[in-house]
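Dear colleague,

Please find below the structure that I am handing over to you. My notes on it follow directly after it.

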Amino acid sequence: MVNIKVIEGGVVNTSNSKRGIYSVAKQYVFKAFGKLFFNKDNNSRIDKSTIYEYIVDLLYPRRCPVCDEVLPVGDSLCDKCKDQFIVVNDSFCKKCGKIVKDNEEYCYDCSNKHFSYKEGRGVFLYNSHMKESISRFKYYGRCEYADYYVDKIVDTLGYLIRQWGIDTIIPVPIHKNKLKFRGFNQAEIIATRLGKRLGINVLAEALVRIEDTKPQKGLDNISRRKNLINAISINNDINIPNCVNNILLIDDIYTTGATINACSKRLKSQNHNYNIYFVSVAIGNGF
C-alpha cells in the first residue's frame with residue numbers, strides 16, 4: 001500500500017497501489033511535455049517562458065484555489081469548483097463596489113462616511129469559499145492562486161482599470177515582521193502580476209507599514225480605523241514620477257475600507273491631486 005506526497009502543497013491523494021502513482025506521474029509528464037514544444041492553436045513552437053512555466057507546473061503541481069486539489073497541467077480551476085466563487089457584477093455600490101440591494105446606489109459605509117479614494121471594485125464576494133482560498137494563499141504559501149485571481153481581475157475589471165487611466169499600481173504594504181514570517185506580501189504578488197498583464201508600472205514599495213498593527217479581522221469599524229492611524233507611510237526612497245495622476249491600490253480583501261482609506265490618505269498627503277482607485281480580490285457585503 002503506497003501513498004504519494006508532494007512537498008509543495010501537502011498531500012496528494014492517489015490510488016493505494018503503485019499503478020495509481022504511475023498513472024498520476026504519466027498524466028503530468030504527457031500533458032506537460034506535450035505542451036512544451038507545440039502550441040495547439042497554431043501548431044507553432046512556443047517561447048521559453050511558457051516552457052519554463054510548464055516545467056514548474058510539472059515539478060510543483062498547481063492546486064485549485066477553491067478545493068486545493070492538484071490540477072492538471074495548464075488548468076487554473078477544477079471543473080467542479082467553477083461555481084463556488086461568486087463574481088460581483090450586479091447591484092454594487094458606486095463608490096466601493098460592495099454588493100447592495102437592487103434599489104440602492106451606495107452601501108451603508110459609503111453613505112455615512114468619507115473615503116479619500118475615488119472609486120474601487122472587488123472581483124469576488126467574500127464568502128466562505130473565498131475566505132478559505134485567501135487564507136491558504138496568505139498563510140500557507142499558495143502563491144499560484146495569484147494567477148487565477150489576476151486572470152479574473154483582468155477578465156472582470158480590466159476594461160474599468162483602463163477606463164480609470166491608471167498610471168501606476170501600488171500594493172497595500174505589510175509590516176516587515178509579517179513579511180519576514182510569511183515570506184511575501186500577497187498584495188504585491190497580485191499587483192506585480194496584474195501590472196505585467198496590463199503593461200502598467202508597479203511601485204511595489206511606494207508605501208510602507210511602519211507599525212505592526214493587530215490583524216483587522218475581529219475588530220469593529222472604529223477599532224479598525226484607530227488601528228491604522230499613523231501605521232502607513234510614504235517610502236521616501238521610492239520616487240513617484242511627477243507624471244502620475246491616477247493610482248491603483250491593490251489588496252486581497254476589502255471589508256470596511258479602513259486599510260485602503262489609510263493608504264489613500266497617505267498618498268494624497270503627498271499630492272492632493274492624486275486620483276486613488278482600488279481593486280481587491282474579494283469584497284464584503286454592503287448591507
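To which strand is β4 joined by two bridges, and in which sense do the two run? Strand β4 (residues 168-171) is joined in this way to β5 (residues 201-202), and the two strands run parallel. Helices (H or I, at least four residues) and strands (E, at least two) are DSSP runs, numbered from the N terminus. Two strands pair if DSSP finds at least two bridges between them.

Before going further, please note that this is a predicted model, in which local features need pLDDT of at least 70 and side-chain atom pairs count only at pLDDT 80 or more, while totals for chains, interfaces and linings use all residues. Residues are numbered from 1 along each chain as its sequence is written, and side-chain values use heavy atoms, with hydrogens and water left out.

Overall picture

The protein chain has nine helices and nine strands. Of its 287 residues, 46% are buried; buried means under 20% relative accessible area, exposed over 50%, and partly exposed in between (1.4 Å probe, protein chains only). A contact means heavy atoms within 4.5 Å. Among the contacts with a separation of 6 or more, 69% are between residues 24 or more positions apart.

The average pLDDT of the protein chain is 82, and 73% of the residues score at least 70. pLDDT is the predictor's confidence in each residue, from 0 to 100. Over residues 1-26 it stays under 50, and the model has 27 contacts beyond four places in sequence for them.

Strand β4

In a regular strand the side chains alternate between the two faces of the sheet. Both faces of β4 are covered: Thr-168 and Ile-170 on one side, and Ile-169 and Pro-171 on the other, are all buried. Towards β5, Ile-169 stands opposite Val-202. Strand β4 also pairs with β8 in the parallel sense, over four bridges, and there Ile-170 stands opposite Leu-249.

The nonpolar cores

A nonpolar core is a set of buried Ala, Val, Leu, Ile, Met, Phe, Trp, Tyr and Cys residues joined through side-chain atoms within 4.5 Å. The largest one has 39 residues, of which Ile-161, Ile-190, Leu-194 and Leu-248 touch the most other members. At least two residues of this core come from each of β3 (119-125), α4 (128-139), α5 (145-164), α7 (186-198), β8 (246-254) and β9 (275-283). Helix α5 gives the largest share, 11 residues. A second, separate core has 33 residues, including Ile-99 and Leu-203.

Which residues does Ile-190 touch, not counting those up to four places away in sequence? They are Phe-137, Ala-146, Tyr-149, Val-150, Ile-153, Ile-250 and Val-281.

Salt bridges

A salt bridge is a side-chain nitrogen of Lys or Arg within 4 Å of a carboxyl oxygen of Asp or Glu. By this rule there are 11 salt bridges. Three of these pairs are described here.

- Asp-252 and Lys-138 have their closest N and O atoms 3.2 Å apart. This pair links distant parts of the chain, strand β8 and helix α4, 114 residues apart. Asp-252 is buried at 3% relative accessibility, and Lys-138 is buried at 13%.
- Asp-151 and Arg-197 have their closest N and O atoms 2.5 Å apart. Asp-151 is in helix α5 and Arg-197 in helix α7, so the pair ties together parts that are 46 residues apart in sequence. Asp-151 is partly exposed at 29%, as is Arg-197 at 44%.
- Glu-105 and Lys-94 meet at 3.5 Å, N to O. Both lie in the loop between α2 (48-59) and α3 (108-112), so the pair ties together parts that are 11 residues apart in sequence.

Backbone angles

Most residues other than glycine have a negative phi. Asp-68, although not a glycine, has a positive phi of about 70°. Asp-68 lies in the loop between α2 and α3 and is buried, with a relative accessible area of 13%. Ser-91 is likewise not a glycine and has a positive phi of about 50°. Ser-91 also lies in the loop between α2 and α3, but is partly exposed at 30%.

With kind regards
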